[in-house]
Amino acid sequence: MSQSEPPGGLLGLSYDGETRVFEALKIVSTAIIVLVGAWPIYWMTQLAFTEYETVEGAVTVFPTPEIFTVGNFTVLTDPEMYTYMFNTVVVAIGTIVTVVIVSLVAGYGLARLDFPQKENFARILLLGYLFSPIVIGIPLYQIWRSIGLLGTRIGLIIALSAVSMPFAVWLMWKYIMTIPEAHEEAAWVDGASRWRGFRDVVVPQCRPAIIAAALFAFALAWNDFTFAQILLPQTDTTTFAPGILRAMGQAQFLPDAYLMAISLAMTLPPLLFAYFMQSYLLKGFQVRAL
Amino acid sequence: MASETGESIRPRGTYIPWDELPVERETVAGIGTVLPVVVLYLLIAVFPIAFAFWASLHNIHTLNPQWEWVGLANYVEVLNISTFWGSLWRGIVYMVGSTLLQLAVGLWMALVLNRITRGQKLLTAVVFTAYLIPTIIVSLVALRVFDPLGGVFQMMGAEWFGLWDSQTAPLGSRDWAMRLLILIGSWKFAVFVTIFTLAQLRAIPDRFYEAAKVCGANRWQMFRDITLPRLMGIVLVVVLLRSIFMFNKFDIIWQLTQGGPGNATTTLPVLAYKTVYTDQAYGLANAISVVMFLFLFAAAIIYFKLFNPSEEVETTT
(Lines give C-alpha, C1' and ligand atoms only; values in the text may rest on other atoms or scores of the structure.)
Protein backbone atom coordinates (compact mmCIF):
# COMPACT_ATOMS: atom_id res chain seq x y z
CA MET A 1 0.00 0.00 0.00
CA SER A 2 2.36 2.68 1.19
CA GLN A 3 5.29 3.85 -0.85
CA SER A 4 7.96 3.09 1.68
CA GLU A 5 7.13 -0.23 3.32
CA PRO A 6 8.36 0.03 6.91
CA PRO A 7 11.18 -2.33 7.72
CA GLY A 8 10.11 -5.48 9.55
CA GLY A 9 8.32 -4.98 12.83
CA LEU A 10 7.71 -7.67 15.42
CA LEU A 11 8.37 -11.16 14.03
CA GLY A 12 9.93 -9.51 10.99
CA LEU A 13 6.55 -9.08 9.32
CA SER A 14 5.72 -6.33 6.88
CA TYR A 15 3.27 -3.65 7.91
CA ASP A 16 0.37 -5.40 6.22
CA GLY A 17 1.40 -8.76 7.60
CA GLU A 18 1.59 -7.27 11.04
CA THR A 19 -1.85 -5.77 10.55
CA ARG A 20 -3.28 -9.21 9.79
CA VAL A 21 -1.73 -10.72 12.94
CA PHE A 22 -3.01 -7.74 14.88
CA GLU A 23 -6.54 -8.17 13.47
CA ALA A 24 -6.53 -11.85 14.41
CA LEU A 25 -5.39 -11.08 17.96
CA LYS A 26 -8.10 -8.46 18.21
CA ILE A 27 -10.83 -10.92 17.23
CA VAL A 28 -9.59 -13.55 19.67
CA SER A 29 -9.37 -10.93 22.44
CA THR A 30 -12.86 -9.67 21.70
CA ALA A 31 -14.20 -13.20 21.88
CA ILE A 32 -12.56 -13.73 25.27
CA ILE A 33 -13.88 -10.44 26.59
CA VAL A 34 -17.40 -11.25 25.40
CA LEU A 35 -17.15 -14.66 27.03
CA VAL A 36 -15.72 -13.48 30.34
CA GLY A 37 -17.60 -10.18 30.53
CA ALA A 38 -21.03 -11.20 29.37
CA TRP A 39 -21.08 -14.74 30.63
CA PRO A 40 -21.89 -14.11 34.31
CA ILE A 41 -24.65 -11.71 33.27
CA TYR A 42 -26.03 -14.29 30.86
CA TRP A 43 -25.87 -16.99 33.51
CA MET A 44 -27.69 -14.82 36.02
CA THR A 45 -30.37 -14.03 33.44
CA GLN A 46 -30.98 -17.61 32.43
CA LEU A 47 -31.22 -18.76 36.05
CA ALA A 48 -33.65 -15.94 36.79
CA PHE A 49 -36.01 -17.22 34.09
CA THR A 50 -35.79 -20.88 35.08
CA GLU A 51 -38.14 -22.70 37.45
CA TYR A 52 -36.48 -22.70 40.83
CA GLU A 53 -37.00 -26.41 41.43
CA THR A 54 -34.89 -27.06 38.33
CA VAL A 55 -32.17 -24.59 39.36
CA GLU A 56 -31.67 -26.26 42.72
CA GLY A 57 -30.93 -29.68 41.35
CA ALA A 58 -29.22 -29.45 38.00
CA VAL A 59 -27.08 -27.33 35.71
CA THR A 60 -29.19 -25.56 33.11
CA VAL A 61 -27.84 -23.63 30.16
CA PHE A 62 -30.95 -22.17 28.62
CA PRO A 63 -34.50 -21.85 29.96
CA THR A 64 -36.29 -24.10 27.46
CA PRO A 65 -40.08 -23.62 27.27
CA GLU A 66 -40.90 -26.37 29.76
CA ILE A 67 -38.78 -24.85 32.54
CA PHE A 68 -39.16 -21.17 31.54
CA THR A 69 -40.92 -18.93 34.05
CA VAL A 70 -41.24 -15.30 35.02
CA GLY A 71 -42.59 -16.39 38.40
CA ASN A 72 -39.24 -15.82 40.12
CA PHE A 73 -39.76 -12.09 39.74
CA THR A 74 -42.67 -12.13 42.18
CA VAL A 75 -39.98 -11.98 44.86
CA LEU A 76 -39.51 -8.32 43.89
CA THR A 77 -42.88 -7.48 45.40
CA ASP A 78 -42.02 -9.16 48.66
CA PRO A 79 -42.22 -6.32 51.19
CA GLU A 80 -38.78 -7.05 52.59
CA MET A 81 -37.00 -7.09 49.21
CA TYR A 82 -39.00 -4.10 48.05
CA THR A 83 -37.83 -2.15 51.12
CA TYR A 84 -34.21 -3.07 50.54
CA MET A 85 -34.30 -1.98 46.93
CA PHE A 86 -36.23 1.18 47.70
CA ASN A 87 -33.65 2.12 50.35
CA THR A 88 -30.81 1.49 47.91
CA VAL A 89 -32.41 3.76 45.33
CA VAL A 90 -32.97 6.51 47.92
CA VAL A 91 -29.40 6.27 49.16
CA ALA A 92 -27.96 6.23 45.63
CA ILE A 93 -29.95 9.29 44.55
CA GLY A 94 -29.13 11.13 47.77
CA THR A 95 -25.44 10.40 47.37
CA ILE A 96 -25.35 11.45 43.71
CA VAL A 97 -27.11 14.76 44.40
CA THR A 98 -24.90 15.59 47.38
CA VAL A 99 -21.67 14.66 45.62
CA VAL A 100 -22.45 16.56 42.43
CA ILE A 101 -23.54 19.77 44.15
CA VAL A 102 -20.73 19.88 46.69
CA SER A 103 -18.00 18.89 44.26
CA LEU A 104 -19.19 21.36 41.61
CA VAL A 105 -19.06 24.25 44.05
CA ALA A 106 -15.74 23.17 45.53
CA GLY A 107 -14.26 22.45 42.11
CA TYR A 108 -15.26 25.89 40.94
CA GLY A 109 -13.72 27.45 44.03
CA LEU A 110 -10.46 25.56 43.56
CA ALA A 111 -10.26 26.37 39.87
CA ARG A 112 -11.36 30.00 39.80
CA LEU A 113 -10.89 31.57 43.19
CA ASP A 114 -7.63 32.25 44.87
CA PHE A 115 -7.20 31.35 48.50
CA PRO A 116 -4.25 30.23 50.58
CA GLN A 117 -3.24 26.57 50.78
CA LYS A 118 -5.65 25.38 48.13
CA GLU A 119 -3.18 23.00 46.48
CA ASN A 120 -2.34 21.45 49.83
CA PHE A 121 -6.02 21.22 50.63
CA ALA A 122 -6.61 19.13 47.51
CA ARG A 123 -3.67 16.89 48.33
CA ILE A 124 -4.86 16.26 51.87
CA LEU A 125 -8.27 15.33 50.45
CA LEU A 126 -6.65 12.50 48.54
CA LEU A 127 -5.30 11.07 51.78
CA GLY A 128 -8.91 10.09 52.38
CA TYR A 129 -8.36 7.18 50.01
CA LEU A 130 -6.08 5.57 52.56
CA PHE A 131 -8.87 5.03 55.04
CA SER A 132 -10.47 1.65 54.64
CA PRO A 133 -14.26 1.68 54.91
CA ILE A 134 -13.70 -0.63 57.87
CA VAL A 135 -11.28 1.81 59.51
CA ILE A 136 -13.88 4.59 59.15
CA GLY A 137 -16.96 2.46 59.71
CA ILE A 138 -16.06 1.05 63.11
CA PRO A 139 -15.56 4.43 64.83
CA LEU A 140 -18.36 5.96 62.78
CA TYR A 141 -20.77 3.49 64.33
CA GLN A 142 -20.15 5.05 67.74
CA ILE A 143 -20.16 8.63 66.43
CA TRP A 144 -23.40 8.15 64.49
CA ARG A 145 -24.95 6.47 67.49
CA SER A 146 -24.17 9.39 69.79
CA ILE A 147 -25.52 12.01 67.36
CA GLY A 148 -28.54 9.93 66.36
CA LEU A 149 -27.67 9.20 62.75
CA LEU A 150 -27.22 5.48 63.29
CA GLY A 151 -29.73 3.47 61.31
CA THR A 152 -30.85 6.41 59.19
CA ARG A 153 -30.54 6.67 55.44
CA ILE A 154 -29.22 10.23 55.84
CA GLY A 155 -26.33 8.89 57.90
CA LEU A 156 -25.40 6.47 55.14
CA ILE A 157 -25.76 9.17 52.48
CA ILE A 158 -23.37 11.43 54.39
CA ALA A 159 -20.85 8.64 54.80
CA LEU A 160 -20.97 7.60 51.14
CA SER A 161 -20.88 11.18 49.87
CA ALA A 162 -17.82 11.90 51.92
CA VAL A 163 -16.11 8.82 50.57
CA SER A 164 -16.65 9.70 46.92
CA MET A 165 -15.96 13.38 47.58
CA PRO A 166 -12.16 13.58 47.22
CA PHE A 167 -12.27 11.99 43.81
CA ALA A 168 -15.25 14.02 42.60
CA VAL A 169 -13.75 17.31 43.78
CA TRP A 170 -10.47 16.52 42.10
CA LEU A 171 -12.22 15.60 38.86
CA MET A 172 -14.35 18.74 38.87
CA TRP A 173 -11.42 21.00 39.73
CA LYS A 174 -9.29 19.69 36.88
CA TYR A 175 -12.20 19.74 34.47
CA ILE A 176 -13.18 23.35 35.21
CA MET A 177 -9.53 24.32 34.70
CA THR A 178 -9.88 23.19 31.08
CA ILE A 179 -12.78 25.59 30.46
CA PRO A 180 -11.41 28.97 29.37
CA GLU A 181 -12.04 31.64 31.97
CA ALA A 182 -12.77 34.04 29.10
CA HIS A 183 -16.22 32.46 28.77
CA GLU A 184 -17.14 33.69 32.22
CA GLU A 185 -15.43 37.02 31.73
CA ALA A 186 -17.68 37.60 28.75
CA ALA A 187 -20.68 36.99 30.99
CA TRP A 188 -19.29 39.32 33.67
CA VAL A 189 -18.80 42.08 31.13
CA ASP A 190 -22.47 41.73 30.28
CA GLY A 191 -23.20 42.32 33.95
CA ALA A 192 -23.65 38.79 35.23
CA SER A 193 -22.75 38.10 38.83
CA ARG A 194 -20.25 35.42 39.73
CA TRP A 195 -23.13 33.14 40.67
CA ARG A 196 -24.85 33.70 37.32
CA GLY A 197 -21.58 33.05 35.53
CA PHE A 198 -21.15 29.82 37.43
CA ARG A 199 -24.72 28.70 36.85
CA ASP A 200 -25.15 29.69 33.21
CA VAL A 201 -21.62 29.36 31.83
CA VAL A 202 -19.62 26.84 33.86
CA VAL A 203 -22.22 24.27 34.89
CA PRO A 204 -23.53 23.55 31.38
CA GLN A 205 -19.99 23.01 30.11
CA CYS A 206 -19.18 20.64 32.96
CA ARG A 207 -21.66 18.01 31.84
CA PRO A 208 -19.09 15.24 31.17
CA ALA A 209 -17.42 15.79 34.53
CA ILE A 210 -20.79 15.91 36.29
CA ILE A 211 -21.79 12.63 34.70
CA ALA A 212 -18.45 11.03 35.53
CA ALA A 213 -18.70 12.16 39.16
CA ALA A 214 -22.34 11.08 39.35
CA LEU A 215 -21.54 7.67 37.94
CA PHE A 216 -18.65 7.24 40.35
CA ALA A 217 -20.93 8.16 43.26
CA PHE A 218 -23.63 5.87 41.91
CA ALA A 219 -21.18 2.94 41.66
CA LEU A 220 -20.06 3.58 45.21
CA ALA A 221 -23.56 3.84 46.66
CA TRP A 222 -25.03 1.01 44.60
CA ASN A 223 -22.04 -1.19 45.52
CA ASP A 224 -21.74 -0.34 49.14
CA PHE A 225 -21.87 -3.17 51.59
CA THR A 226 -19.45 -2.26 54.36
CA PHE A 227 -20.96 1.04 55.49
CA ALA A 228 -24.53 -0.17 55.16
CA GLN A 229 -23.70 -3.31 57.11
CA ILE A 230 -22.23 -1.31 60.00
CA LEU A 231 -24.35 1.87 59.94
CA LEU A 232 -27.81 0.44 59.21
CA PRO A 233 -28.34 -2.27 61.80
CA GLN A 234 -32.15 -2.21 61.58
CA THR A 235 -33.88 -4.07 58.82
CA ASP A 236 -36.37 -1.39 57.78
CA THR A 237 -33.76 1.15 56.68
CA THR A 238 -31.13 -1.19 55.39
CA THR A 239 -30.06 -1.32 51.76
CA PHE A 240 -29.95 -4.19 49.35
CA ALA A 241 -26.49 -5.68 49.94
CA PRO A 242 -26.52 -6.28 53.70
CA GLY A 243 -30.28 -6.86 53.59
CA ILE A 244 -30.08 -9.75 51.19
CA LEU A 245 -27.22 -11.30 53.12
CA ARG A 246 -29.25 -11.12 56.33
CA ALA A 247 -32.33 -12.46 54.58
CA MET A 248 -30.26 -15.39 53.36
CA GLY A 249 -29.03 -16.00 56.89
CA GLN A 250 -32.54 -15.98 58.37
CA ALA A 251 -34.64 -17.66 55.70
CA GLN A 252 -34.54 -21.43 55.75
CA PHE A 253 -35.00 -21.52 52.03
CA LEU A 254 -34.45 -18.63 49.65
CA PRO A 255 -34.19 -20.22 46.21
CA ASP A 256 -31.19 -19.32 44.07
CA ALA A 257 -33.50 -18.61 41.15
CA TYR A 258 -35.15 -15.88 43.26
CA LEU A 259 -31.77 -14.42 44.20
CA MET A 260 -30.85 -14.29 40.53
CA ALA A 261 -34.14 -12.57 39.67
CA ILE A 262 -33.41 -9.88 42.27
CA SER A 263 -29.83 -9.60 41.08
CA LEU A 264 -31.00 -9.08 37.52
CA ALA A 265 -33.31 -6.28 38.65
CA MET A 266 -30.36 -4.63 40.44
CA THR A 267 -28.09 -5.06 37.41
CA LEU A 268 -30.34 -3.39 34.84
CA PRO A 269 -29.92 0.22 36.05
CA PRO A 270 -26.08 0.02 35.91
CA LEU A 271 -26.23 -1.62 32.48
CA LEU A 272 -28.45 1.16 31.13
CA PHE A 273 -26.22 3.80 32.71
CA ALA A 274 -23.14 2.21 31.17
CA TYR A 275 -24.75 2.04 27.75
CA PHE A 276 -26.19 5.52 27.48
CA MET A 277 -23.62 7.49 29.48
CA GLN A 278 -20.35 5.92 28.39
CA SER A 279 -19.21 8.64 25.99
CA TYR A 280 -19.77 11.33 28.62
CA LEU A 281 -18.18 9.15 31.23
CA LEU A 282 -15.04 8.57 29.19
CA LYS A 283 -14.88 12.26 28.33
CA GLY A 284 -15.15 13.18 31.99
CA PHE A 285 -12.30 10.82 32.89
CA GLN A 286 -10.05 12.23 30.17
CA VAL A 287 -8.75 14.74 32.64
CA ARG A 288 -5.10 13.79 32.79
CA ALA A 289 -3.69 15.41 35.87
CA LEU A 290 -5.61 13.45 38.42
CA MET B 1 -3.24 36.23 30.92
CA ALA B 2 -6.75 36.25 32.17
CA SER B 3 -5.77 37.56 35.57
CA GLU B 4 -4.33 40.84 34.27
CA THR B 5 -7.63 42.04 32.98
CA GLY B 6 -9.62 39.75 35.25
CA GLU B 7 -9.30 41.93 38.34
CA SER B 8 -11.12 44.86 36.85
CA ILE B 9 -14.04 42.98 35.37
CA ARG B 10 -14.65 40.46 38.11
CA PRO B 11 -18.10 41.15 39.44
CA ARG B 12 -18.54 43.00 42.71
CA GLY B 13 -21.83 42.67 44.48
CA THR B 14 -23.47 45.03 46.90
CA TYR B 15 -21.64 46.15 50.01
CA ILE B 16 -21.18 43.46 52.61
CA PRO B 17 -19.57 44.17 56.02
CA TRP B 18 -16.73 41.73 55.43
CA ASP B 19 -15.44 43.92 52.61
CA GLU B 20 -13.83 45.86 55.43
CA LEU B 21 -11.96 42.83 56.74
CA PRO B 22 -8.25 42.53 56.10
CA VAL B 23 -8.79 39.39 53.96
CA GLU B 24 -9.66 39.49 50.28
CA ARG B 25 -13.26 38.95 49.44
CA GLU B 26 -12.21 36.30 46.97
CA THR B 27 -10.45 34.41 49.74
CA VAL B 28 -13.64 34.34 51.78
CA ALA B 29 -15.66 33.15 48.79
CA GLY B 30 -13.03 30.56 47.92
CA ILE B 31 -12.98 29.12 51.40
CA GLY B 32 -16.76 29.23 51.37
CA THR B 33 -16.91 27.00 48.31
CA VAL B 34 -14.82 24.26 49.88
CA LEU B 35 -16.46 24.51 53.30
CA PRO B 36 -19.00 21.73 52.65
CA VAL B 37 -16.16 19.44 51.60
CA VAL B 38 -14.23 20.30 54.74
CA VAL B 39 -17.25 19.60 56.95
CA LEU B 40 -17.91 16.24 55.30
CA TYR B 41 -14.26 15.36 55.42
CA LEU B 42 -13.97 16.20 59.10
CA LEU B 43 -17.10 14.23 59.85
CA ILE B 44 -16.18 11.13 57.92
CA ALA B 45 -12.39 10.97 57.94
CA VAL B 46 -10.73 13.14 60.56
CA PHE B 47 -13.11 12.54 63.48
CA PRO B 48 -13.40 8.77 62.97
CA ILE B 49 -9.62 8.41 62.75
CA ALA B 50 -9.11 10.54 65.84
CA PHE B 51 -11.88 8.61 67.56
CA ALA B 52 -10.34 5.28 66.49
CA PHE B 53 -6.98 6.35 67.83
CA TRP B 54 -8.51 7.46 71.13
CA ALA B 55 -10.54 4.25 71.41
CA SER B 56 -7.49 2.16 70.60
CA LEU B 57 -5.94 3.36 73.86
CA HIS B 58 -8.80 1.85 75.84
CA ASN B 59 -10.09 -1.55 76.67
CA ILE B 60 -13.68 -1.58 75.44
CA HIS B 61 -16.21 -4.35 75.25
CA THR B 62 -18.30 -3.65 72.14
CA LEU B 63 -21.63 -3.58 73.97
CA ASN B 64 -20.36 -1.94 77.15
CA PRO B 65 -20.16 1.85 77.30
CA GLN B 66 -17.45 1.77 79.97
CA TRP B 67 -14.00 2.60 78.63
CA GLU B 68 -10.96 1.50 80.56
CA TRP B 69 -7.70 3.32 79.89
CA VAL B 70 -4.90 0.93 78.97
CA GLY B 71 -2.50 3.14 77.05
CA LEU B 72 -0.58 1.35 74.35
CA ALA B 73 -1.40 -2.15 75.64
CA ASN B 74 -3.73 -2.80 72.69
CA TYR B 75 -0.93 -2.11 70.25
CA VAL B 76 1.36 -4.53 72.06
CA GLU B 77 -1.42 -7.09 71.89
CA VAL B 78 -2.05 -6.46 68.18
CA LEU B 79 1.59 -7.06 67.30
CA ASN B 80 1.67 -10.18 69.44
CA ILE B 81 -1.45 -11.96 68.27
CA SER B 82 -0.45 -14.58 65.77
CA THR B 83 -3.41 -13.88 63.48
CA PHE B 84 -2.21 -10.31 62.94
CA TRP B 85 0.97 -11.18 61.03
CA GLY B 86 -0.79 -13.94 59.12
CA SER B 87 -3.58 -11.53 58.16
CA LEU B 88 -1.09 -8.88 57.11
CA TRP B 89 0.69 -11.41 54.89
CA ARG B 90 -2.58 -12.66 53.33
CA GLY B 91 -3.64 -9.06 52.79
CA ILE B 92 -0.41 -8.36 50.91
CA VAL B 93 -0.83 -11.51 48.81
CA TYR B 94 -4.39 -10.47 48.00
CA MET B 95 -3.39 -6.90 47.24
CA VAL B 96 -0.41 -7.67 45.00
CA GLY B 97 -2.08 -10.59 43.23
CA SER B 98 -5.27 -8.66 42.53
CA THR B 99 -3.55 -5.47 41.47
CA LEU B 100 -1.22 -7.17 38.99
CA LEU B 101 -4.01 -9.25 37.50
CA GLN B 102 -6.33 -6.27 37.28
CA LEU B 103 -3.69 -4.10 35.70
CA ALA B 104 -2.90 -6.70 33.02
CA VAL B 105 -6.53 -7.54 32.26
CA GLY B 106 -7.72 -3.95 32.54
CA LEU B 107 -5.11 -2.59 30.15
CA TRP B 108 -5.69 -5.39 27.69
CA MET B 109 -9.47 -4.82 27.73
CA ALA B 110 -9.00 -1.09 27.21
CA LEU B 111 -6.68 -1.61 24.24
CA VAL B 112 -9.09 -4.06 22.64
CA LEU B 113 -12.22 -2.00 23.33
CA ASN B 114 -10.52 1.04 21.85
CA ARG B 115 -9.78 -0.76 18.58
CA ILE B 116 -12.86 -2.83 17.81
CA THR B 117 -15.25 -1.30 15.34
CA ARG B 118 -18.43 -3.36 15.51
CA GLY B 119 -20.49 -3.62 18.69
CA GLN B 120 -18.06 -1.37 20.52
CA LYS B 121 -20.65 0.55 22.46
CA LEU B 122 -22.52 -2.54 23.60
CA LEU B 123 -19.39 -4.44 24.61
CA THR B 124 -18.05 -1.42 26.48
CA ALA B 125 -21.36 -1.18 28.34
CA VAL B 126 -21.24 -4.87 29.27
CA VAL B 127 -17.67 -4.55 30.50
CA PHE B 128 -18.44 -1.39 32.49
CA THR B 129 -21.45 -3.05 34.08
CA ALA B 130 -19.09 -5.34 35.99
CA TYR B 131 -17.77 -2.33 37.88
CA LEU B 132 -21.20 -0.81 38.47
CA ILE B 133 -23.22 -3.78 39.71
CA PRO B 134 -23.32 -4.30 43.46
CA THR B 135 -20.50 -6.44 44.82
CA ILE B 136 -23.09 -8.56 46.58
CA ILE B 137 -24.47 -9.64 43.19
CA VAL B 138 -21.04 -10.66 41.98
CA SER B 139 -20.76 -12.64 45.21
CA LEU B 140 -24.19 -14.24 44.84
CA VAL B 141 -23.46 -15.32 41.28
CA ALA B 142 -20.01 -16.59 42.28
CA LEU B 143 -21.40 -18.53 45.25
CA ARG B 144 -23.98 -20.00 42.93
CA VAL B 145 -21.60 -21.11 40.15
CA PHE B 146 -19.07 -22.54 42.62
CA ASP B 147 -21.69 -24.41 44.63
CA PRO B 148 -21.30 -28.20 44.64
CA LEU B 149 -25.08 -28.50 44.10
CA GLY B 150 -25.59 -27.52 40.48
CA GLY B 151 -22.83 -24.92 40.23
CA VAL B 152 -21.53 -24.85 36.69
CA PHE B 153 -17.95 -23.79 37.46
CA GLN B 154 -17.69 -26.24 40.31
CA MET B 155 -18.79 -28.97 37.91
CA MET B 156 -16.40 -27.88 35.17
CA GLY B 157 -13.49 -27.68 37.58
CA ALA B 158 -14.23 -31.10 38.99
CA GLU B 159 -15.16 -33.03 35.86
CA TRP B 160 -13.24 -31.35 33.06
CA PHE B 161 -10.05 -30.27 34.76
CA GLY B 162 -9.99 -32.39 37.91
CA LEU B 163 -9.03 -29.37 40.00
CA TRP B 164 -11.12 -30.47 42.93
CA ASP B 165 -13.33 -33.28 43.99
CA SER B 166 -16.98 -33.21 42.89
CA GLN B 167 -18.18 -32.84 46.49
CA THR B 168 -15.93 -29.90 47.44
CA ALA B 169 -17.00 -26.30 47.53
CA PRO B 170 -13.90 -24.57 46.11
CA LEU B 171 -14.63 -21.37 48.04
CA GLY B 172 -14.49 -23.41 51.23
CA SER B 173 -11.22 -25.12 50.42
CA ARG B 174 -7.89 -23.95 51.81
CA ASP B 175 -6.18 -24.41 48.47
CA TRP B 176 -8.62 -22.52 46.34
CA ALA B 177 -10.34 -19.89 48.46
CA MET B 178 -7.67 -17.19 48.12
CA ARG B 179 -7.05 -17.80 44.40
CA LEU B 180 -10.75 -17.64 43.64
CA LEU B 181 -11.14 -14.47 45.71
CA ILE B 182 -8.43 -12.86 43.60
CA LEU B 183 -10.04 -14.05 40.37
CA ILE B 184 -13.60 -13.03 41.27
CA GLY B 185 -12.50 -9.65 42.62
CA SER B 186 -10.49 -9.03 39.48
CA TRP B 187 -13.46 -9.79 37.27
CA LYS B 188 -15.19 -6.85 38.83
CA PHE B 189 -12.39 -4.40 39.57
CA ALA B 190 -10.20 -4.78 36.48
CA VAL B 191 -12.85 -2.60 34.83
CA PHE B 192 -11.70 0.30 36.99
CA VAL B 193 -8.35 0.17 35.16
CA THR B 194 -10.18 -0.17 31.85
CA ILE B 195 -12.31 2.94 32.39
CA PHE B 196 -9.33 5.17 33.11
CA THR B 197 -7.06 3.84 30.40
CA LEU B 198 -9.81 3.79 27.80
CA ALA B 199 -10.52 7.45 28.55
CA GLN B 200 -6.83 8.21 27.99
CA LEU B 201 -6.70 6.19 24.78
CA ARG B 202 -9.70 8.06 23.40
CA ALA B 203 -7.87 11.31 24.05
CA ILE B 204 -4.89 10.45 21.82
CA PRO B 205 -5.35 12.26 18.51
CA ASP B 206 -5.31 10.01 15.42
CA ARG B 207 -2.85 12.31 13.71
CA PHE B 208 -0.11 11.08 16.06
CA TYR B 209 -0.45 7.60 14.61
CA GLU B 210 -0.78 8.89 11.07
CA ALA B 211 2.40 10.90 11.48
CA ALA B 212 4.20 7.87 12.91
CA LYS B 213 2.99 5.74 10.01
CA VAL B 214 4.28 8.27 7.50
CA CYS B 215 7.64 8.18 9.28
CA GLY B 216 7.72 4.43 8.87
CA ALA B 217 7.04 3.27 12.42
CA ASN B 218 5.67 -0.22 12.90
CA ARG B 219 2.86 -1.07 15.26
CA TRP B 220 5.11 -1.97 18.17
CA GLN B 221 7.03 1.30 17.85
CA MET B 222 3.77 3.23 17.72
CA PHE B 223 2.59 1.49 20.87
CA ARG B 224 5.88 2.05 22.66
CA ASP B 225 6.38 5.67 21.65
CA ILE B 226 2.85 7.06 21.45
CA THR B 227 0.41 4.93 23.41
CA LEU B 228 2.52 3.85 26.35
CA PRO B 229 3.86 7.29 27.36
CA ARG B 230 0.32 8.68 27.25
CA LEU B 231 -0.88 5.90 29.53
CA MET B 232 2.04 5.87 31.95
CA GLY B 233 0.82 8.67 34.21
CA ILE B 234 -2.67 7.34 34.66
CA VAL B 235 -1.38 3.77 35.12
CA LEU B 236 0.77 4.86 38.04
CA VAL B 237 -2.21 6.57 39.67
CA VAL B 238 -4.50 3.63 39.02
CA VAL B 239 -2.00 1.13 40.44
CA LEU B 240 -1.73 3.22 43.59
CA LEU B 241 -5.52 3.48 43.97
CA ARG B 242 -6.19 -0.18 43.18
CA SER B 243 -3.52 -1.37 45.62
CA ILE B 244 -5.01 0.74 48.39
CA PHE B 245 -8.56 -0.35 47.57
CA MET B 246 -7.63 -4.04 47.41
CA PHE B 247 -5.67 -3.89 50.66
CA ASN B 248 -8.72 -2.28 52.29
CA LYS B 249 -11.23 -4.60 50.63
CA PHE B 250 -13.72 -6.04 53.05
CA ASP B 251 -17.04 -6.56 51.33
CA ILE B 252 -16.30 -9.18 48.70
CA ILE B 253 -14.15 -11.26 51.05
CA TRP B 254 -16.74 -11.20 53.79
CA GLN B 255 -19.56 -12.08 51.40
CA LEU B 256 -17.73 -14.97 49.75
CA THR B 257 -15.83 -16.65 52.57
CA GLN B 258 -16.21 -14.60 55.78
CA GLY B 259 -12.46 -14.97 56.12
CA GLY B 260 -12.61 -18.76 56.10
CA PRO B 261 -11.96 -21.62 55.83
CA GLY B 262 -10.14 -21.24 59.13
CA ASN B 263 -8.24 -18.02 58.62
CA ALA B 264 -7.26 -18.79 55.02
CA THR B 265 -8.77 -15.60 53.61
CA THR B 266 -8.70 -13.38 56.70
CA THR B 267 -7.04 -10.12 55.71
CA LEU B 268 -6.63 -7.17 58.07
CA PRO B 269 -10.04 -5.54 57.41
CA VAL B 270 -11.74 -8.90 58.02
CA LEU B 271 -9.70 -9.37 61.18
CA ALA B 272 -10.74 -5.93 62.43
CA TYR B 273 -14.40 -6.65 61.70
CA LYS B 274 -14.23 -10.03 63.43
CA THR B 275 -12.53 -8.45 66.43
CA VAL B 276 -15.42 -6.01 66.86
CA TYR B 277 -18.36 -8.29 66.24
CA THR B 278 -17.09 -11.77 67.16
CA ASP B 279 -14.57 -11.05 69.91
CA GLN B 280 -16.43 -7.91 71.09
CA ALA B 281 -13.10 -6.14 71.58
CA TYR B 282 -13.78 -2.66 70.28
CA GLY B 283 -10.57 -1.08 71.54
CA LEU B 284 -8.39 -3.79 70.06
CA ALA B 285 -10.20 -3.57 66.71
CA ASN B 286 -9.50 0.14 66.58
CA ALA B 287 -5.86 -0.54 67.28
CA ILE B 288 -5.84 -2.89 64.27
CA SER B 289 -7.48 -0.14 62.17
CA VAL B 290 -4.88 2.40 63.18
CA VAL B 291 -2.02 0.00 62.45
CA MET B 292 -3.59 -0.73 59.05
CA PHE B 293 -3.79 2.95 58.26
CA LEU B 294 -0.17 3.46 59.30
CA PHE B 295 0.97 0.61 57.06
CA LEU B 296 -0.86 2.04 54.06
CA PHE B 297 0.36 5.52 54.82
CA ALA B 298 3.97 4.33 54.90
CA ALA B 299 3.49 2.28 51.72
CA ALA B 300 1.88 5.23 49.91
CA ILE B 301 4.74 7.55 50.87
CA ILE B 302 7.29 5.02 49.58
CA TYR B 303 5.31 4.69 46.35
CA PHE B 304 5.23 8.45 45.89
CA LYS B 305 8.96 8.71 46.54
CA LEU B 306 9.73 5.94 44.04
CA PHE B 307 7.41 6.87 41.19
CA ASN B 308 5.91 10.25 42.00
CA PRO B 309 2.68 9.61 40.09
CA SER B 310 1.35 13.16 40.38
CA GLU B 311 4.47 14.66 38.81
CA GLU B 312 4.44 12.06 36.08
CA VAL B 313 0.87 12.94 35.23
CA GLU B 314 1.54 16.64 35.18
CA THR B 315 4.59 16.43 32.91
CA THR B 316 2.76 14.35 30.32
CA THR B 317 -0.21 16.69 30.13
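This passage describes the interface between two chains and then a few local features of each.

The model is a predicted one, in which local features need pLDDT of at least 70 and side-chain atom pairs count only at pLDDT 80 or more, while totals for chains, interfaces and linings use all residues; side-chain values use heavy atoms, with hydrogens and water left out. Residues are numbered from 1 along each chain as its sequence is written, and chains are lettered from A and ligands numbered from 1 in the order in which they are written.

In chain A, 104 residues are in contact with 101 residues of chain B, contact meaning heavy atoms within 4.5 Å. Together the two chains bury about 9,400 Å², with 75% of this area on carbon and sulfur atoms; buried area is the accessible area (1.4 Å probe) lost by two parts on being put together, summed over both. Helix α1 (residues 15–48) of chain A gives the most to the side of chain A that touches chain B, namely 19 residues. Helices here are DSSP runs of H or I with at least four residues, numbered from the N terminus. Sorted by class, this side of chain A holds 76 nonpolar, 18 polar and 10 charged residues, where Ala, Val, Leu, Ile, Met, Phe, Trp, Tyr, Cys and Pro count as nonpolar, Asp, Glu, Lys and Arg as charged, and the others, Gly among them, as polar. Between chain A and chain B the rule finds zero salt bridges, a salt bridge being a side-chain nitrogen of Lys or Arg within 4 Å of a carboxyl oxygen of Asp or Glu.

Within chain A, helix α7 (residues 182–189) has A:Glu184, A:Glu185, A:Ala187 and A:Trp188 as its buried residues. Seen down the axis of α7(A), these buried residues fall within an arc of 160 degrees, so they line one face of the helix; the arc is that of the directions from the helix axis to the C-beta atoms. Buried means under 20% relative accessible area, exposed over 50%, and partly exposed in between (1.4 Å probe, protein chains only). After α7(A) comes A:Gly191, with a positive phi near 100 degrees.

Turning to chain B, B:Ser243 lies in helix α10 (residues 219–247) and is buried, at a relative accessible area of 16%. Beyond its neighbours within four places in sequence, B:Ser243 is in contact with B:Met95 and B:Thr99. Two loop residues complete the picture. B:Gln258, in the loop between α11 (251–256) and α12 (268–277) of chain B, has a positive phi of about 50 degrees although it is not a glycine.  B:Gln280, in the loop between α12 and α13 (282–307) of chain B, is partly exposed at 22% relative accessibility.
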